[in-house]
Amino acid sequence: MDGSGDRMRRALIWSWTGVVVIFMYLPALSLFLASSTSSRYFGFPITKWGFVWWQKTFDSLEVHQLFRTSLAIALCVTVIAVVIALFGALAFARYEWKGRSMYQKLVLLPIFFPQTVLGLALLLYFNALGFTMSWQTAVFAHLVWIIPVCTLVISIQVYSFDPALEEAAFDLGATRWQVFREVTLPVLFPGIFSGALFAFLLSWGNFPLSLYTTGADTTLPEYLYAKMIAGYTPGVPVLGTVSTFGAALLMLVGYLMIVILRRRRSGGANVN
Amino acid sequence: MDRIAKIFRPGPRHAIPVMVFLLLGFVAPLVTVVLYSFVPSRTFDLWQDWSLANYAEIFNSSSYIPFAWSLGLAVATVLILALVCYPVAFGMTRIFGRYATLVTLLFTLPLFVSENVRIYGWILFFIKNGVLLGSLKSMFGYEPESILFTTGLTLMGMVYVYLPFMLFPMTLGVSMVPQQTRDAAFDLGASRWQVFKEVDLPLAMPGIVIGFLLTFVLAVGAIAEAKVLGGQRIIPITQDIETAFTYAQNWPLGAALSVLLMLVVGTLVLVVLRRFDLDTILGKK
């Protein structure tokens, strides 16, 4: 192929990707800029830089409570979602069985569904059952969407899992539980870990499902939304920036852990 | 006995927890919505005289306008995203090499920050004296009108929010095109355009279609973009549904509107998903 045309095309695709990445991060940049001013109102260019509002936001007792609620929901969702999704993923990708293709599609349905409508449907449902909305109902609501996502994420790892490993362990006299603990779980761990990371972060950032199902308990995204429509306060950009950095940090740490895990096991049967 | 033995084979056995949960958490709530849509208007009790009155009310009103806006904006979002994402997806598989992971992480991160917070970032960017207009003013003394609260910006917000949902399935699709097949086509004298049309596009189609479907469905359900960025200039159907459930306190009407939306989305999803073998899309390395 002609070298210069090819180089040109590569450069074009790189620059286009750069433009799209910038587009994706302009809002985060704007939030960061708005959070680092000392004045009450946002105006650009910033005249008085400072982190006064960060201090004020972190000292707020209300914000502490919001963090606790969001954290409680996200942790519960992560634990339950990973356990159910691990089995779901084995059924999705490990075993051949009649009805599997149907099952795979059913699992995907909640992902292919508008979340606002799902949130309202769950509100009606809980109400018909006579439940009072609280953070527990929100955990349930998040799970409806996050279990399928988690199943999908873990399934991708399960696809590259070699069933012969389990069979070999059985042949050597291991019990079902031993095989699960000593073979299946360690081999699938990177997938399970990414599944957990997805579950936690998606629950932490979720708004449409929380809005209708948390009742009197308020999560961070709900609080931010209420503040946003009530008028400008610099606390919103501060918390927005904190969420972005927090998620980035968690993702980076998670990614590095997976890389290290894979390195350690490279040379084994299961590199990918 | 035979039936029971079948259920306890490893495959179905592992599927039980997910299936039970989705039955209780997804199917049952949707059934509740369908039931509620037959209950008399402005009531909250499920067990009373059922009728089609709510549907009659919808068909006699101008509800088709928000429906049309939602569907129209969703179609526009999908088409724009297809053009925006294809070069990136192509780059991810064929050009970025070891940087592909970094690019993937960069596109994943926004998913974890609440959608409304990110949309709010756009407000700070576009608002008068905000990042864009403030910079223009101080650097060039140029003060254009803010484009905030327009339908165009609603569309931009939707393109922004749903971009990763198009990009990732599309990348999966593009990675299913074997490089050898492309090389062979080039060796046989095919032009770039021919390779794109005859090799790249058809072989990447499963991923592309899934990306289309996912972004379309999510975009039909969009609500925050029109409310926050669009300044309520247009009302999408989801906002009508939300209003019925909240301010208007008319759950049966909201339920009937939801059922209609679910019919559109559900039919599309079922028709498209039926044609795919998910193993080849997800499992193939």
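Trainee: What is the hand of the crossing of α8(B) and α10(B)?

Mentor: In this predicted model, the crossing of α8(B) and α10(B) is right-handed. That name applies when the near helix is turned clockwise from the far one by less than a right angle.

Trainee: What makes α8(B) roughly antiparallel to α10(B)?

Mentor: Start with the angle. α8(B) and helix α10 (residues 192-220) of chain B pack at about 160°, and their axes are 7 Å apart. Angles over 145 degrees count as roughly antiparallel. The angle passes that cut-off, so α8(B) is roughly antiparallel to α10(B).

Trainee: Which residues of α8(B) and α10(B) make the contact?

Mentor: From α8(B), the list includes Met158(B), Tyr162(B), Phe165(B) and Met166(B). From α10(B), it includes Ile208(B), Gly211(B), Leu214(B), Leu218(B) and Ala219(B). By class, this contact has 16 nonpolar residues, 4 polar and no charged.

Trainee: Which residues does Ala219(B) contact, leaving aside neighbours within four places in sequence?

Mentor: Met158(B) and Tyr162(B) are among them.

Trainee: Which members of the largest nonpolar core touch the most other members?

Mentor: Ala219(B) is one of them, with Tyr162(B) and Val217(B). From chain A come Ala81(A), Leu143(A), Cys150(A) and Ala199(A). The core has 157 residues. Helix α8 (residues 151-174) of chain B gives the most to it, 16 residues.

Trainee: Turn to chain A. Why is α6(A) called roughly antiparallel to α8(A)?

Mentor: Helix α6 (residues 135-159) of chain A packs against helix α8 (residues 176-205) of chain A at about 155°, with axes 8 Å apart. The cut-off is over 145 degrees. The angle clears it, so the pair is roughly antiparallel. The crossing of α6(A) and α8(A) is right-handed.

Trainee: Which residues of α6(A) and α8(A) meet?

Mentor: On α6(A), they include His142(A), Ile146(A), Val149(A), Cys150(A) and Val153(A). On α8(A), they include Leu188(A), Gly191(A), Gly195(A), Phe198(A) and Ala199(A). The contact of α6(A) with α8(A) divides into 13 nonpolar, 6 polar and no charged residues.

Trainee: How many residues does each chain put into the contact between chain A and chain B?

Mentor: Chain B puts in 77 residues and chain A 78. Helix α2 (residues 10-36) of chain B supplies the largest share of the chain B side, 17 residues. That side holds 53 nonpolar, 19 polar and 5 charged residues.

Trainee: Is Ile13(A) buried, partly exposed or exposed?

Mentor: Count the neighbours. Ile13(A) has 19 C-beta neighbours inside 10 Å. Buried takes 20 or more, and exposed takes 12 or fewer. The count falls in between, so Ile13(A) is partly exposed.

Trainee: Where does Ile13(A) lie, and which residues does it contact beyond four places in sequence?

Mentor: Ile13(A) lies in helix α1 (residues 3-35) of chain A. Those contacts are Pro87(B), Phe90(B), Gly91(B) and Ile95(B).

Trainee: How many helices and strands are there in chain B?

Mentor: There are 14 helices and 0 strands. Of the 285 residues of chain B, 43% count as buried. Among contacts in chain B between residues at least 6 apart in sequence, 71% join residues at least 24 apart.

Trainee: Which residues of helix α7 of chain B are buried?

Mentor: In helix α7 (residues 131-140), Val131(B), Leu132(B), Leu133(B) and Gly134(B) are buried. Just after α7(B), Gly141(B) has a positive phi of about 65°.

Key:
Residues numbered from 1 in each chain as written. Chains lettered and ligands numbered in written order. Predicted model: local features only at pLDDT ≥ 70, side-chain atom pairs only at ≥ 80, totals over all residues. Core = buried A, V, L, I, M, F, W, Y, C linked by C-beta atoms within 7 Å. Helix = DSSP H or I, 4+ residues; strand = E, 2+ residues; numbered from the N terminus. Contact = placed C-beta atoms within 7 Å. Axes fitted to C-alpha atoms, helices over the stretch in contact; angles between N-to-C directions. Parallel < 35°, antiparallel > 145°, perpendicular 65-115°, else oblique. Nonpolar A, V, L, I, M, F, W, Y, C, P; charged D, E, K, R; others polar.
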